[in-house]
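Visitor: I'd like to learn how to read a protein model feature by feature. Could you walk me through one?

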Amino acid sequence: MYLLDALSTPAQYLPIAIQFAFGVLFVAGMIAISHFLGPKRNTSDKLDTFESGIEQIGNARQPMAIKYFLVAILFVLFDVEVIFFYPYALNFKSLGWEGFAAVCMFVTFFFAGFFYIYKKGALKWED
Amino acid sequence: MLLSLFTDWAFLLEKLTLVVAVVSIGLVVAMYSTWAERKVAGALQDRPGPNRAGWFGLLQPFADAIKLFSKEDIIPSKSNKILFVLGPGLAMLAAVMTSAVIPWGDKIVIAGREITLQVSDLDLGVLYVFAVVAMGVYGVMIGGWASNNKFSLLAAIRGASQNISYELAMGLSLIALLFLTGTLSLKGIVVGQQENGWNILYQPLGFLLFLVCAFAECNRTPFDLPEAENELNFGYHQEYSSMKLGFYLFAEYINMFMSSVLMATLYFGGYDIPFFNEAASTLNPTILGLLGFGALMTKTVLFILFFMWVRWTIPRFRYDQLMDLGWKKLLPLALINMLITAVVVLVKEYGWPW
């Protein structure tokens, strides 16, 4: 069995920092090069926002359906609960049945919350 | 400790080479995925596909890249200029960063120096992948908002809420896997599979859930609602041109590649060669490492072909169907899968508690 012999050290993140630096340079470089490479014949019509051939009416940033916002809020709630499972999953075998009973309780709460939003119609998309 | 690493030039050089190699592999595979996609589409629709540029159309990706690269770069006058440039950059950066924790092979020996074919073996490998994948949502959202276009904004919001919905089920489906492996390190997961057999044997339902979520996370058909042409013109990258558009398209193909690699690593043994005992073999470690890399790439290519097969077979979901599937079916299924796995593992380990 593979053991966590190396503790999490900052040194583990150094190669990731290298990759990040490389990625940033690559992305910025490519965008800059292609920006200067292409032709530049700007007209006011070309720089206008595309709206299926008609002139843009008003600002695009109008209020959107509340559903999307609700999904985002629910995601934050449930994702935090999912993250709580991760430390348990790693210590799962050593915690045994006792730990499992505790997690069953947590899952029940999870399901209770889920059932509540389901009944409230937060997940109902078809009108 | 950290300071001495900064002055360890051999270490830095090794990692830099590895980073460049890994990122290039991702880019090349993504490039040829565009070619393969059109070839697969051609085969499925009984037509030849690209066959003019080079032998079998093999130079087509280069032609496309040069075309995208030399197009006029348009920044709409009503857009938010900084965010407009930042959007595709973030999408691409997130796609490039995922590969850092993937174990591409065991190790190779060059000039007496052992080189692990992994940029960094993080203890938190799986969580790192989730963190970076979640960053990809920002690319879509920022790009769509900055465009100041109604279609782009709607597509971006759709895409964001789709991605975060499926991230939940994805995270839950992996927890059952972690019960078996007991580690978040991707290398540890692969080593565990070499000893105990592939995880797909123990987690078929978990794999299925992960697969569906991977399709949704990559915005691939049947979940390509952010780019539903008949509803949204062109999707969240409607106002983009030149390499910025290229980055959005490219990031999608890199994400597809990375999720294929991830599925192969988590469920199909990673660089493990089937029916072959690596630990007992007397092969040169370099050859063994390269063979392992080959095995991983073979599995990955099969997954990529599967992605394409599905794209040209299944029509797109409706948005309410998509949300129903994610929240009402995958999420409870993942939780039940998790509980069943936990019970089975505990019974095997400790017996029944009563």
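Predicted model: local features only at pLDDT ≥ 70, side-chain atom pairs only at ≥ 80, totals over all residues.

Visitor: How many bridges join strand S1 of chain B to strand S2 of chain B?

Guide: Four bridges link S1 (residues 107–110) of chain B with S2 (residues 113–116) of chain B, and the two strands run antiparallel. S1(B) and S2(B) make a hairpin with two residues between them. In that turn, Ala111(B) has a positive phi of about 50 degrees.

Visitor: Is Asp46(B) buried or exposed?

Guide: Exposed, because its relative accessibility is 74% and the cut-off for exposed is over 50%. Ser242(B) is buried, since its relative accessible area is 2% and buried means under 20%.

Visitor: Which residues does Thr49(A) touch?

Guide: Not counting residues up to four places away in sequence, Thr49(A) touches Gln56(A), and in chain B it touches Lys78(B), Ser147(B), Asn148(B), Asn149(B) and Glu239(B). Thr49(A) lies in the loop between H1 and H2 of chain A, and Thr49(A) is buried at 4% relative accessible area.

Visitor: Now aromatics. How is a pair of rings described?

Guide: By the distance of the centres and the angle of the planes. Over all chains, the structure holds 31 aromatic pairs. Take Phe26(A) and Phe247(B): their ring centres are 6.4 Å apart and their planes are at 35 degrees, so the pair is tilted. This pair crosses between chains, from Phe26(A) in helix H1 (residues 10–37) of chain A to Phe247(B) in helix H10 (residues 242–267) of chain B. Phe247(B) is buried, with a relative accessible area of 1%.

For an edge-to-face case, go to Phe78(A) and Phe110(A), at 5.1 Å centre to centre and 70 degrees between the planes. Phe78(A) is in helix H2 (residues 66–90) of chain A and Phe110(A) in helix H3 (residues 92–120) of chain A, so the pair ties together parts that are 32 residues apart in sequence. Both Phe78(A) and Phe110(A) are buried.

Visitor: Which residues do ring pairs link into a cluster?

Guide: The cluster consists of Phe78(A), Phe84(A), Phe85(A), Phe106(A), Phe110(A), Phe114(A) and Trp327(B). Rings can also have a charge over them: Arg61(A) lies over the face of Trp145(B), 3.8 Å from the ring centre.

Visitor: And disulfides, what are they?

Guide: A disulfide is a covalent bond between the sulfur atoms of two cysteines. The cut-off is 2.5 Å between sulfur atoms, and the count over all chains is zero. Cys213(B), for instance, is in no disulfide, and the nearest cysteine sulfur, that of Cys218(B), is 11 Å away. Cys213(B) is buried, with a relative accessible area of 0%, whereas Cys104(A) counts as partly exposed at 28% relative accessibility.

Visitor: Last one: where does the UniProt annotation "transmembrane region" fall in chain B?

Guide: The unreviewed UniProt entry places that annotation on several spans of chain B, including residues 245–267 and 287–310. In the model, residues 245–267 of chain B are 100% helix and 0% strand, with end C-alpha atoms 33 Å apart. Residues 287–310 of chain B are likewise 100% helix and 0% strand, and the end C-alpha atoms there lie 35 Å apart.

Key. Residues numbered from 1 in each chain as written. Chains lettered and ligands numbered in written order. Heavy atoms only, no water. UniProt positions renumbered as here; feature names shortened; annotations may be inferred. Buried < 20%, exposed > 50% of the residue type's maximum accessible area, 1.4 Å probe, protein only. Pairing = 2+ DSSP bridges. Phe/Tyr/Trp six-rings, centres within 6.5 Å; stacked < 30°, edge-to-face > 60°. Lys NZ or Arg CZ within 6 Å of the ring centre and 35° of its normal. Contact = heavy atoms within 4.5 Å.
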